[in-house]
Amino acid sequence: MRALLTGGAGNIGRVALSRLLQAGHDVTVLDAVPLPEGLGAASIVADLTQPAALDGLPEPPEAIVHLAAIPNPFVATWDRVLAINMLTTFNVLRYAAEKGVPRVVFGSSESASGWGIHGRFYRPDYLPIAEKHRDLPSEVYSYTKAFGDQLCAGFSREYGLTTLALRYTYVVYEPHYAGFLGGVRADAPRDALGATYAWIDVRDVAEAIALALVADVPTGSHEAFYLTARDQCGTVSTAELARRNWGDDPPVPLDQTYYGDEPSRSFFDIRKAGSMLGWKPAWDLGRLLRERP
Ligand SMILES: NC(=O)c1ccc[n+]([C@@H]2O[C@H](COP(=O)([O-])OP(=O)(O)OC[C@H]3O[C@@H](n4cnc5c(N)ncnc54)[C@H](O)[C@@H]3O)[C@@H](O)[C@H]2O)c1
């Protein structure tokens with residue numbers, strides 16, 4: 001398939017590119033910075049906040065994976081996070097609608113729910129948080145991802161695009177492994193109030209992107225998916241994290257079919273991604289610790 005990958009020069013983008021090429025797709029990367037040479041894809045440098053950014057494409061792709069964004073609220077000012085994340089997503093969807101690109105896979109975030117990067121830590125209605133749970137975003141990055149998901153849903157409704165929003169959590173990739181695993185090996189306390197300790201290995205994100213590109217979903221539908229490692233990486237169980245955050249009066253209802261045998265299972269429900277995309281995380285903490293000495 002001819003696919004356009006925005007943000008393909010970034011940390012997740014480069015791993016996704018390699019996975020998409022391995023799957024046999026013909027990939028063009030569009031990014032504000034050039035893709036290093038020799039990675040197997042054509043590179044277009046453009047600023048997606050500009051409406052004409054996609055005009056340089058020789059022909060419309062068969063699908064777009066949209067990852068270009070500011071990936072958290074700490075590396076840019078609020079106005080830049082808002083402008084870049086919201087405009088890039090709108091411009092990509094508008095181009096897809098105008099040119100008849102049938103499918104857009106959006107790099108969303110669990111932050112869209114309000115329980116990733118958050119301002120106020122609201123009490124969830126139940127755990128694990130599933131796609132049907134209400135969203136309560138409460139800071140600028142989360143607003144942009146919730147808005148992106150809503151835009152995707154709107155463009156599906158209005159123009160019949162098939163849109164899949166991948167709500168993955170804190171992504172661990174190459175420069176992070178040492179610090180991430182170092183903290184776990186040193187048994188540093190990981191039980192802070194408000195943290196979900198949800199995480200995911202970048203290779204599992206790339207796999208989900210590859211599956212979303214070809215998943216058999218109804219044309220014109222919009223679907224969101226939570227994607228995390230099976231386990232959270234905190235030092236206490238998920239029930240205990242919930243109890244510390246929101247107390248016992250009453251406790252947040254926990255689905256025992258999810259947590260019964262695995263008390264440290266993710267704060268988020270990844271079963272929909274399993275059933276609709278055929279996705280299963282290959283990396284949990286135990287495997288990463290064993291294979292990254
Ligand atoms: N890293 C995480 O933990 C995480 C978690 C959930 C979701 N996400 C989302 O995944 C996506 C990729 O994140 P990442 O960690 O690889 O970030 P990254 O910063 O490494 O990559 C983002 C890429 O987008 C490009 N970009 C930014 N503004 C652009 C613009 N105006 N026009 C064109 N390109 C532009 C950047 O040049 C960069 O190459 C983002 O949408 C991010 O919000 C990331």
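When I say helix or strand today, I mean a DSSP run, at least four residues long for a helix and at least two for a strand, numbered from the N terminus. With that in hand, here is a first stop: Pro 128, which is found in the loop between strand β5, residues 103-107, and helix α3, residues 140-159. The peptide bond joining Leu 127 to Pro 128 is cis, with omega at about 0°. Please keep in mind throughout that this is a predicted model.

There is another cis bond to show you. This one runs from Asp 249 to Pro 250, and its omega is near -5°. Pro 250 sits in the loop between α6 and α7.

Let me step back to the whole chain. The protein chain has 9 helices and 9 strands. Its radius of gyration is 19 Å, close to the 19 Å that the globule rule gives for 293 residues, so the chain is as compact as a globular protein of that length. Along the principal axes, the C-alpha atoms fill a box of roughly 55 × 45 × 40 Å. Of the 293 residues, 46% are buried. And if you take the contacts between residues at least 6 apart in sequence, 76% of them join residues at least 24 apart.

Now, to the inside. Have a look at strand β9, residues 222-227. How many of its residues are buried? The count is 6 of the 6, so β9 is largely enclosed by the rest of the structure. Both faces are covered: on one side you have His 222, Ala 224 and Tyr 226, and on the other Glu 223, Phe 225 and Leu 227, all buried. As for a partner, strand β6, residues 162-168, runs parallel to β9, and 6 bridges join the two. To pick out a pair on your screen, find Leu 164, whose bridge partner in β9 is Glu 223.

Why does His 66 count as buried? The cut-off is 20 or more other C-beta atoms within 10 Å, and His 66 has 26 such neighbours, so it counts as buried. Among the residues it touches, leaving out those up to four places away in sequence, are Thr 6, Thr 89, Val 92 and Phe 106. Leu 5 is 61 residues away from His 66 along the chain, yet their C-alpha atoms are separated by 6.0 Å.

Ala 192 has 11 C-beta neighbours inside 10 Å and counts as exposed. Its C-alpha atom and that of Thr 89, which is 103 residues away along the chain, are separated by 33 Å.

Asp 187 is not a glycine, but its phi is positive, at about 55°. Tyr 197 is not a glycine either, and its phi is also positive, about 55°.

Next, helix α6, residues 238-246. Its buried residues are Thr 238, Leu 241 and Ala 242. Seen down the axis of α6, these buried residues fall within an arc of 100°, so they line one face of the helix. What covers the buried residues of α6 includes α7, residues 256-259. After α6 comes Gly 247, with a positive phi near 75°.

Last stop, the ligand. Which residues are closest to the ligand? They are Gly 7, Gly 10, Ile 12, Ala 68 and Ala 69, out of 23 residues that surround the ligand. The elements that give two or more residues to this shell are α1, residues 11-22, α2, residues 78-99, and β7, residues 170-172. Of these, α1 gives the most, with 3 residues. By class, the shell has 13 nonpolar, 8 polar and 2 charged residues.

Terms used: Residues numbered from 1 in each chain as written. Predicted model: local features only at pLDDT ≥ 70, side-chain atom pairs only at ≥ 80, totals over all residues. Buried ≥ 20, exposed ≤ 12 C-beta atoms within 10 Å, placed from the backbone. Arc of directions from axis to C-beta. Contact = placed C-beta atoms within 7 Å. Near = placed C-beta within 6 Å. Nonpolar A, V, L, I, M, F, W, Y, C, P; charged D, E, K, R; others polar. Rg over C-alpha atoms; globule rule 2.2 N^0.38 Å. Pairing = 2+ DSSP bridges.
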